[in-house]
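Please look over the protein shown here before reading on.

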Amino acid sequence: MATQQSGTSDFINNLGKIYGMYTGGFAAFVILLAILEQVGVPNKILGFLFVGFTIVVYAMIGILSRTMQVSEYYVAGRQVPAVYNGMATAADWMSGASFLAMAGTLYVLGYDGLAFVLGWTGGYVLVAVLIAPYLRKFGAYTVPDFLAARFGGNLARFLGIVVLLAASFTYVVAQIRGTGLIAERFLGIPYDVGVFVGILGILLCSMLGGMRAVTWTQVAQYIVLIIAYLLPVVIMSAQRTGIPIPQLMYGEALQNIAALEQGMVDSGLAAADTIQRHLQPFSSTDPLNFFALVFCLMIGTASLPHVLMRYFTTPSVREARKSVGWSLLFIFVLYFTAPAYAAFAKWEVYENVIGASFADLPNWVYIWGASGKVTLCGAAAASLEAVQQACAGKDVVGLADFSIAKDVIVMATPEIAGLPFVITGLVGAGGLAAALSTADGLLLAMANALSHDIYYRMIDRNAPTARRLVAARIILLGVAILGAYTATAAPPDILALVAWAFSLAAAGNFPALCLGIWWKRCTTAGAISGMIAGFGTTLAYLVYTAPPPLGFGEGLIFGIQNISAGIFGIPIGFIVMIAVSYLTPEPSEEMQQLVDEVRRPSGTVVADRGRAASA
């Protein structure tokens, strides 16, 4: 034991050197592949090398981090320094949705897509101010663990697990879908096979080492994903404007897009009354839905169990607070770049595709058209013949004729800009890192809840450590396979799935977490009633409005789109929780003192006293 602790301490002390060497090695790998491309190695082999090499590296980190200690498996031994926990949290957070779909959504929606940037970024303020430091002070292994202790019983724990599973499973399906899209493009395998290849990579990272393995893998994945995200748009900015800082040159890109849009109207390539201008606010939604989405995403960010459990891994409450700041900084780097990414991609498309003759279309149109991600005149742009047949009677591509799936904008952008394939492969590796890191965190959150909260806390309190960890791994495997199977059913786009997860988590968890920490008068009956009312209302609205087979496809209430379903459930959860709490006897003096103690930064970790007493 002393040897293992000494080894862990040496590892923690040398993290800067280890990840510095890792970053240098990854840069050398990319340079090597660039050389191989220049000497004529086929793109398909380069794609295999990018995907295969990165998965092998992540798997090695996961295997080297294997553990049979409960605290290491569930909370990485609570030894992760703030800056590295910030990187791991950023990777955990910046899912396939952020990496693959956010810039694509901004490309399609323009100004209206900023709702996602505002909501997801603003949510971290709530995490820092209202939730994370206090959960760390309590010292639970999972979010349902905290709910059970605060509200005194397994019913609150069970409801927390239901919310966790509903939100996390919806979210993880979106990530697995992202891995399937990447595998389909870079390995040339069918999408249905690609999702199971992706799930194999996810399991290799997380199955043996739990949170310990996931943490150090996610740090490595953040380095890959942020390099992969920034490099293409930096090159595009340098090519287009002469200045390799896309965030600063974003304004010039927007000016050119506006001029091109006006040119399309003047030349008849777009209709003046139907064109959706990039800078026009509320052209695809109304102000009510825009701000409802911002609200749901903010509250959802502060409620997602796989994000909150990352702050259980820091050595102290102070480190948890610092970790939130680092997380926000690392996330900001990508989120501040996404609008520029969308703008430069649209600039390229408007100049090189819209108005071009069908015979002069760039090759990337057909590459992505073969999988149905690019369509012209309503048909997949699989070949020149298919395009000419679909667009019979037309000479050039009009704005309304062209469509590209928003989930593939980021992956297609290097090809759109005519960059070498090695950049495309790098983006694929980054997208894979983003999807794997979030999927790891989500699967671990679900497996921990089922093994720790259900199996250990509710079924067998005398289960030995080895049996608990074996149960966690079996459950992890089962949830992963179920998620992959669901992803093959071709659910809606990635961002819609993610938005549903945020609304479910926000309505089910946030009122109980917020009032559980900040209102001593909140009672067990109030919390349980509020969780059921808030979560039930949101779920009912999703089922009522979602298209078949997921729901009934009925009309919207007050015009609220179902990606903002939490706008109904969150206030109902708060109102019911407060009303029932006032109608029931106030919590015991001991519980109210515990709430006071959780809000006090100094002192011992609350849950550790309980574990020491039961040991």
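## Salt bridges and a helix pair

Glutamate 351 is partly exposed, with a relative accessible area of 39%, where buried means under 20% relative accessible area, exposed over 50% and partly exposed in between (1.4 Å probe, protein chains only). This is a predicted model, in which local features need pLDDT of at least 70 and side-chain atom pairs count only at pLDDT 80 or more, while totals for chains, interfaces and linings use all residues. Residues are numbered from 1 along each chain as its sequence is written, and side-chain values use heavy atoms, with hydrogens and water left out.

| Glutamate 351 | Arginine 240 | 2.7 Å |

Glutamate 72 lies in helix α4 (residues 70–75) and arginine 212 in helix α11 (residues 210–241), so the pair ties together parts that are 140 residues apart in sequence; helices here are DSSP runs (H or I) of at least four residues, numbered from the N terminus. Both glutamate 72 and arginine 212 are buried, whereas arginine 240 is partly exposed at 23% relative accessible area.

Elsewhere, helix α19 (residues 409–416) and α20 pack at an angle of about 170°, with their axes 8 Å apart. The two helices, α19 and α20, are therefore roughly antiparallel to each other, a term for angles over 145 degrees.

Definitions and conventions. Axes fitted to C-alpha atoms, helices over the stretch in contact; angles between N-to-C directions. Parallel < 35°, antiparallel > 145°, perpendicular 65-115°, else oblique. Salt bridge = Lys/Arg side-chain N within 4 Å of Asp/Glu carboxyl O.
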